[in-house]
Amino acid sequence: MRQFYLFKNKSGYYNVVFIDPVSGLKGATKSTHCKDKVEATVIAADWVKNGRPEARSNSRKFLSPESSSSKNLKGIIDGLTESDVRALALMLSDKLGSAAVVASAPLSTPVQTVAPVSVEKPAPKKSDIKLAEFLINFWDYDKSEALQRSFAKEKKLSRMHTDAMKGLAKNHWLPYFGPDKLVEDLEQDELDDFFFYLYTVKGLSGSTVNHAITCGSKAIGYLFDKRKISFNPMAGAERYGISNEKRDIPTESEVRSLLNLDWRNHLGKLAFELAAYCGLRAGEISGLRVCDLDMQAELLHIRHSWNEKDGLKSTKNTEERDVPVTRELLLQLMNRARLNPNYSDLSYVFFSNVKPEIPCRPAYYQDSFYEALSEIGISEEQRKERNIVFHSLRHFCATLLAQRTDIKNVQAILGHKSASMSLHYADHETMTQLNNMRSIMQDAWKECIISA
């Protein structure tokens, strides 16, 4: 029967529990004040043979030449059982990093020492995670454990974003690497070639290639953090430069023409006015409900956005804002809302005629906008060359406001978290700015002529 056993306490020191040799019950417990298991075993064996000292095992008195722990080790080992000797031999072997003792010898066979031999550590087992399959599953909004853990920590990703990442995995990662490529077999040079292939051969934009990099880096980084793989090949992936092609905005005269135009689609014109004069995003227009129309204060409460994948969700920066509007525009919005057969405080203003319980798709307003541009003389080729889209109207609003008020007001109306973002949106010349410049130049020339 074993006469003691060891366990590690919260501080990392080994305690010894003594076993009554007669009853087999646990006895007293004493700390060896030692963090090394081999040394703790020797100390405990000495206590069994010679009795427990009053002093602490790491005190000066205990370690003094007269102390029993400094006696010949042979005397200590003689007091150990054969099973204790075997256990001690294994611990010594681990500590020395070699087969110092033949621990597997029969109990009746004397313990023999052998010359140290080098022990080659086995190669770590390679993970058998298949790359394409893992990426597709990782970005599955409903089934991915990684995404569910992220959602639980309030790190919300939209379904539109995760579906886009999943699409990149299916359409680009899978065809290039095939279904059997393992994550552990990926090399950085191979990944560099893949991203360069997407940019040159497939003709993807730098922005789209960067999305493909994000698709891989988020998923593979998760594996590395969870220690499922020994190396993260995505760690050194360099992102591609994004084209500096600037989004243009319609001029004030063009916007005036659009306002005076008799649009074929009245709902499209209403959306156009909200984007051009209130700076609303297309998704925020779809997300407008009756409860967001404040007739008394003449405000729009911008609380939500809407898209086909996620439905009603928070705004892009998750913050609500109030936008002042004219009473005339509010009345147009309310009159439109009342046409909804499901009219209530929570019904949509821009409801779909096919399914009134949901709003129109954000792309619907863009189609109407392009049609109106064509009617005022801006062809599809001209529109593409100038890079005018429905979101350009938000830039137009920012520019218009920036010429007439403080940038902080622009920031509040557009719902930007930083003034620098508002300045980025307002970075366009308008007729007002040109007129201001013309006035300054004329005044300067007058002063020059007078002084001459």
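A pocket here is an open set of grid points where a 1.4 Å probe fits, with protein on both sides within 12 Å along at least five of seven lines, and its lining residues have an atom within 4 Å of a point. With that in hand, let's look around this predicted model.

The second largest pocket holds about 360 Å³ of space. It is lined by 14 residues, and those closest to its centre are F138, A146, S150, K155 and Y222. Helices α5 (145-152) and α8 each supply at least two lining residues, and α5 gives the largest share, with 4 residues. By class, this lining divides into 6 nonpolar, 3 polar and 5 charged residues.

## Where α4 meets α8

Helix α8 (residues 206-225) also packs with helix α4 (residues 131-138): their axes come within 10 Å and cross at roughly 95°. The two helices are therefore roughly perpendicular to each other.

On the α4 side, the contact involves L131, F134, L135 and F138, which meet C215, G216, K218, A219, I220, Y222 and L223 in α8. The residues of this contact comprise 9 nonpolar, 1 polar and 1 charged.

## The largest pocket

Now for the largest pocket, which has a volume of about 1,000 Å³. Its lining counts 27 residues, and S158, M160, N307, K313 and K316 lie nearest the centre.

Several elements each contribute at least two residues to this lining: α6 (159-177), α8, α11 (282-286), β6 (304-307), β7 (311-314) and α13 (362-375). In terms of class, the lining has 8 nonpolar, 10 polar and 9 charged residues.

How values were computed:
Residues numbered from 1 in each chain as written. Predicted model: local features only at pLDDT ≥ 70, side-chain atom pairs only at ≥ 80, totals over all residues. Heavy atoms only, no water. Axes fitted to C-alpha atoms, helices over the stretch in contact; angles between N-to-C directions. Parallel < 35°, antiparallel > 145°, perpendicular 65-115°, else oblique. Contact = heavy atoms within 4.5 Å. Nonpolar A, V, L, I, M, F, W, Y, C, P; charged D, E, K, R; others polar. 1 Å grid on protein atoms, 1.4 Å probe; cavity = no way out; pocket = protein on both sides within 12 Å on 5 of 7 lines; lining within 4 Å. Points joined across faces, edges and corners; volume = space filled by probe spheres on them.
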